[in-house]
Amino acid sequence: MKRFLSGDEAFAEGVRLARPAVISAYPITPQTVVVERLSEMVERGDLDAHYVHVESEHSALSCAMGASATGARAFTATSSQGLLYMAEVLTYAAGGRFPIVMMNANRATALPWNIYGDQRDSLALLDHGWIQMYAQDNQEALDMALLAYAVAEDPRVCLPAMVNIDGFALTHTYESVDIPSQEQADEFLPPYTTDNRFDFAHPVNLGYSAGPEFNRYYQYEHHRDVLAVEAVVPEVEARFAVATGRQYSGMIEEYCSEDAEAVLVCVGSIAGLVRQVVDELRAAGRTVGMMRLRYLRPFPAGALAQALAGARAVGVLEKDISFGAEGTVFTNVNSALKQAGLTCPTENFIGGLGGDDITAEQVKQSFEMLLGGNASVHFLGIEEGVC
């Protein structure tokens with residue numbers, strides 16, 4: 001069924017199809033519409049779920065974790081300062097191996113106070129043990145709601161997943177979206193079952209302490225199982241394609257990168273603009289390409305290095321800065337290239353902070369810098385001496 005939906009509404013439809021048993025909700029712009037639509041679905045009877053309106057973002061994730069600990073499929077959503085407020089609970093949920101799905105509407109963090117979209121909120125929390133996925137458009141947002149549960153609940157993984165959707169660029173922008181039927185969704189995503197839950201008939205210990213002699217094993221296994229996502233994703237996407245007819249590309253998406261001299265790596269909705277610029281430059285005879293990271297945890301280092309092996313220069317365009325260093329995505333990309341023994345020059349392009357526009361002309365200039373070998377960290381739209 002086709003409908004004209006915002007990214008928030010599309011994601012809410014995906015959550016409905018996943019049949020969560022518990023939804024813990026606390027509104028924050030630009031995520032609010034997700035939990036509003038889910039509350040309406042529950043009220044109408046379209047979704048059989050316990051809807052819990054909690055008093056804070058910290059409580060929202062705590063509630064979802066408690067629900068997951070009983071063996072229930074759980075969902076929550078947040079954004080920006082709300083995600084940062086949840087930070088303490090993120091490690092509890094991940095360490096407890098509770099496969100919660102949480103939608104994060106990417107939004108700038110304060111100060112200055114800003115409600116518009118960049119990706120500094122989720123990228124600041126890459127190391128908290130969650131799977132991190134990034135949608136390109138509203139269709140992928142809907143589908144990632146279902147895909148995230150399937151990946152997170154796989155017995156080889158059993159970890160929470162954060163699905164990131166660019167604030168306002170996707171959350172409040174409308175597109176035509178194909179909604180699977182409930183029968184298709186049920187075929188793809190069976191009911192959640194787990195032994196990692198409270199059970200009075202067969203008691204288990206959850207959320208316990210572990211001293212130094214045992215703690216290292218838990219951290220090692222956590223790391224191992226995040227890495228297992230790379231093997232699980234293609235299997236899950238193959239099942240999704242059978243159920244819905246839509247096929248995704250795994251951890252990364254390549255576009256015109258096979259013979260490209262210069263490749264621009266990006267994350268999220270900006271890929272649409274980069275793809276358009278690649279087409280224009282290709283038509284003008286320039287051999288350029290794009291690579292989109294669909295997952296940032298686990299980081300697809302091997303797939304990325306293989307995709308970029310033939311490039312003469314690689315750029316990373318991101319809506320983030322690790323102050324005093326460089327963009328966080330750039331750090332990860334450089335590490336992957338170094339591990340693979342690739343020595344092509346790399347450049348970092350920082351843009352879109354606080355919702356600032358990234359223009360087609362800026363993307364073209366980025367490609368020109370790559371082809372010209374200008375290695376550096378570049379802030380798009382900044383004039384020296386203005387600040």
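Biologist: Let's start with R156. Which residue does R156 form a salt bridge with, and how far apart are the closest N and O atoms?
Modeller: The partner of R156 is D154, and their closest N and O atoms are 2.9 Å apart. Keep in mind that this is a predicted model.

Biologist: Is D154 buried or exposed?
Modeller: D154 is buried, since its relative accessible area is 11%. R156 counts as partly exposed because its relative accessibility is 37%.

Biologist: How many salt bridges are there in total?
Modeller: The count comes to 26 salt bridges.

Biologist: Okay, pick another one. What does R294 pair with?
Modeller: R294 forms a salt bridge with E237, with 2.7 Å between the closest N and O atoms. R294 sits in the loop between strand 11 and strand 12 (295-297), while E237 is in helix 10 (residues 229-244), so the pair ties together parts that are 57 residues apart in sequence.

Biologist: And is R294 buried or exposed?
Modeller: R294 is buried, at 1% relative accessibility. E237 is buried too, with a relative accessible area of 3%.

Biologist: What about R275, which residue is its salt-bridge partner?
Modeller: That's E253, and the closest N and O atoms are 2.8 Å apart. R275 lies in helix 11 and E253 in strand 9, so this pair ties together parts that are 22 residues apart in sequence. R275 counts as buried at 17% relative accessibility, and E253 counts as buried at 15%.

Biologist: Which residues do salt bridges with shared partners join into one network?
Modeller: The network consists of E140, E237, E253, R275, R292 and R294.

Biologist: Switching to the fold. What is the strand order in the open sheet?
Modeller: It's a sheet of six strands in the order 9-11-10-13-14-15, and the pairing is mixed. The edges are strand 9 (252-255) and strand 15 (377-379), each of which pairs on one side only. From one strand to the next, the twist averages 20 degrees.

Biologist: How many bridges join strand 14 to strand 15?
Modeller: Three, and the two strands run parallel; strand 14 covers residues 346-350. For a specific pair, F349 has H378 in strand 15 as its bridge partner.

Biologist: Now K319. Where does K319 lie?
Modeller: K319 is in the loop between strand 13 and helix 13 (328-339). K319 is buried, with a relative accessible area of 11%.

Biologist: What is K319 in contact with, leaving aside its neighbours within four places in sequence?
Modeller: Its contacts are G117, D118, Q119, R120, D166, S269, I270, G351, G352, L353 and I358.

Biologist: Last topic, the surface. Which residues make the nonpolar patch?
Modeller: Y208, F214, Y217 and Y218 make it, and the patch is about 450 Å².

Biologist: Where is Y208 found?
Modeller: Y208 is in the loop between helix 8 (182-188) and helix 9 (212-227).

Biologist: Why does Y208 count as partly exposed?
Modeller: Because its relative accessibility is 42%, and partly exposed means in between the buried limit of under 20% and the exposed limit of over 50%.

Note on methods: Residues are numbered from 1 along each chain as its sequence is written. This is a predicted model: local features need pLDDT of at least 70, side-chain atom pairs count only at pLDDT 80 or more; totals for chains, interfaces and linings use all residues. Side-chain values use heavy atoms; hydrogens and water are left out. Two strands pair if DSSP finds at least two bridges between them. Helices (H or I, at least four residues) and strands (E, at least two) are DSSP runs, numbered from the N terminus. Axes are lines fitted to C-alpha atoms, for helices over the stretch in contact, and angles run from 0 to 180 degrees between N-to-C directions. Patches are made of residues with over 30% relative accessible area and no salt bridge: like charges are joined within 9 Å, nonpolar side chains (Val, Leu, Ile, Met, Phe, Trp, Tyr) within 5 Å. Accessible areas come from the Shrake-Rupley method with a 1.4 Å probe; for residues, only the protein chains shown count as cover. A salt bridge is a side-chain nitrogen of Lys or Arg within 4 Å of a carboxyl oxygen of Asp or Glu. Buried means under 20% relative accessible area, exposed over 50%, partly exposed in between (1.4 Å probe, protein chains only). Contact means heavy atoms within 4.5 Å.
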